[in-house]
Amino acid sequence: MRKWGDHYVWICTAILWLKLYAVQRVVFDFKMQGWMDELMIAAGALSSAVLLNAIALFFFKKRPEWGLVTSSAIMSILVVSHVVYFRFFHDFITVSLLVQSGNYSALKYSLFHLIQPWDILLLADTIVLVLLARYKKLSLPSYGIRKKAGALCIVFALCLTFNWTQTISSAEETEASVIDDRFEVVKQAGLVNYQLYDVATLVQRNSKKWFSEEEDFDAVARQMEQWQDDAGYAPLEGVAEGYNVVFISMESLQSFVLEREVAGQEVTPFLNELIKESFYFNEYYDQTAQGKTSDAEFMVETSLFPLSTGSVFFLHAENEYDTLAKTLKEAGYETAVFHANDRTFWNRDQMYESIGYDRFYDVSAFDVNEENTIGWGLNDRDFFEQSLPYLADIPEPFMAKWITLTNHHPFEIDLYPEWRANIQTDDETVAQYFATVRFMDEALRHFFERIRNEEWYERTVFVLYGDHYGLSPHYHEEIKKALGEDEKDAPSELELKKVPLIIHIPGMKGQRLDTIGGHVDIKPTILHLLGLKEDSPVRFGHSLFSVDHPELVVFRDGSFVSKQRIFYGQTCYDRADGTELEPEQCRETAEIAAQQLKLSDEIIYGDLLRFADEDDPDSGRTVPAAPSPMQREQPAQ
Ligand code: GP9
Ligand code: MN
């Protein structure tokens, strides 16, 4: 038994290592660039395995076999959670997500659909270890355990040094910051180290608020000046002065479904008509991170970036922000949000106060029953319909936002059965996505038909945007199959990040614009159309109608799309023809992207806008001039 016992620690460590290595290589499917990447993943997985076992042996000196069971169980829970989450979100869990308890009930519904029967295999080693320890009465000698734990610590230190040195040198090569790119952190450090790093950064970043002061704000504001150069406002400036603003946040709508037929049918017939008589931005990208819909809302309101982990709505709701809603309120607008979900989802009830909305019509304002429920809740058609009487009570000018819900994962719908059956995919989720998009499109048509004859319609700007992806890159191959197109016409993985932005101003001619933009650009764009001055010293977007702004979309992981270049998956491409370029060709813009993200983080983590004094002419804040409010006639009930 002694011999067997002597090897048991190493065998268990090797099994943990192999399991983690296999998951990293097969499930997470990292893009490999040579044998050094292989070594990094192997070393990262090994360091995670040895660290966990060393800690377990330290705490279970007297019953080491149970220590090994515990570390195996922790690893299994970690691996299964990440694998299931990754399956849809194509991202890794962060501790910040776990504090978002208000989202649990609805998320359970989505995650349940993502669990697959063979996930049980990921628990196999833990089950075997429990059986051995419990029923075979396996008991390891406790002598020599300290030495073994010490040996594991040495292996950990060696692996960590190797990975750290490599990470630093590859970051120098690309000039890219990998610390906010979770793919790179997990790839290079392994899951356990990643999770520890995640906890450490959460603590460090969230303590910033206590120590920040006015000078920090001044320093950030000075650095911001270099990007705030919207000098070239075009003829459209003030074209919608005094108009109402209607926002529609279209759940999970990606651009690739627009103007496309699937199995012989248009997916979005209404939107395809609407874009012809609207400004349609077809180079517009989703910049959200883990906060999804709430991140999109945050960017639209503040022109700041979302956080790399968790949602600002949950983590920094009590901060002071300069928002579009506040600017419009100062200009005499009434602001309202319609969303038929619980008001605590994404912590909206608290964050909406910081944003400055006057009214929030949440699920309690709607009549929701079994007949009118699809997927997550009230179907979009009834949602729009039931919101109309409330709208009638809101005085003009108003800014009102509708957040749709039907097109949400897992895209459950039992309409259009024949069409769905004809869609060429083996993945039910993909077929259903097209169907729920179709339903949302019909709901939008219904909404526009209902309001088109209202007296206020003609003096309203409609801003419709897709909040974020519905189908992540995980579904890329199945999407291509379902679209049934040649490889060259099918959307690329990067194109799955495109979401539609449609700005409809009744009476104005439609125009297709290939200006590169993203959610941070909406606030300056709308202020431009309304002819209102930006009242904040900090913004990362530009009006998409300004004639001479640097076209750049920065994603939360530091990747970007600019006029000339694409930096995606730590690789630099020529935007014109997609050829891969040397890293230094993207270096300068990657630095700008990293700097912008860092400044945005500083503003949020330090709650720096509380130091922007409205009376201080140096703060950059100005109070916009209020247009004369127009009172809308109440439509007949
Ligand atoms: C929930 C809705 C969807 O209220 O906004 O949120 P999501 O999961 O897409 O972020
Ligand atoms: Mn959403």
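## Asp 362 and Arg 343

In this predicted model, Asp 362 and Arg 343 form a salt bridge (a side-chain nitrogen of Lys or Arg within 4 Å of a carboxyl oxygen of Asp or Glu), with the closest N and O atoms 3.2 Å apart. Asp 362 sits in the loop between β7 (359-361) and β8 (373-374) and Arg 343 in the loop between β6 (334-338) and α16 (348-355), so the pair ties together parts 19 residues apart in sequence. Helices (H or I, at least four residues) and strands (E, at least two) are DSSP runs, numbered from the N terminus.

Asp 362 is buried, at 4% relative accessible area, whereas Arg 343 is partly exposed at 32%. Buried means under 20% relative accessible area, exposed over 50%, and partly exposed in between (1.4 Å probe, protein chains only).

## Other salt bridges

The count comes to 30 salt bridges. One of them joins Glu 277 and Arg 452, with closest N and O atoms 3.6 Å apart. This pair links distant parts of the chain, 175 residues apart.

Lys 481 and Glu 478 meet at 3.0 Å, N to O. Both lie in helix α20 (residues 476-483), three residues apart, about one turn of the helix.

## Helix α13

All 11 of the 11 residues of α13 (residues 292-302) are buried. Ser 303, with a positive phi near 60°, follows the helix.

## Basis

Residues are numbered from 1 along each chain as its sequence is written. Local features need pLDDT of at least 70, and side-chain atom pairs count only at pLDDT 80 or more, while side-chain values use heavy atoms, leaving out hydrogens and water.

Note on methods. Chains lettered and ligands numbered in written order.
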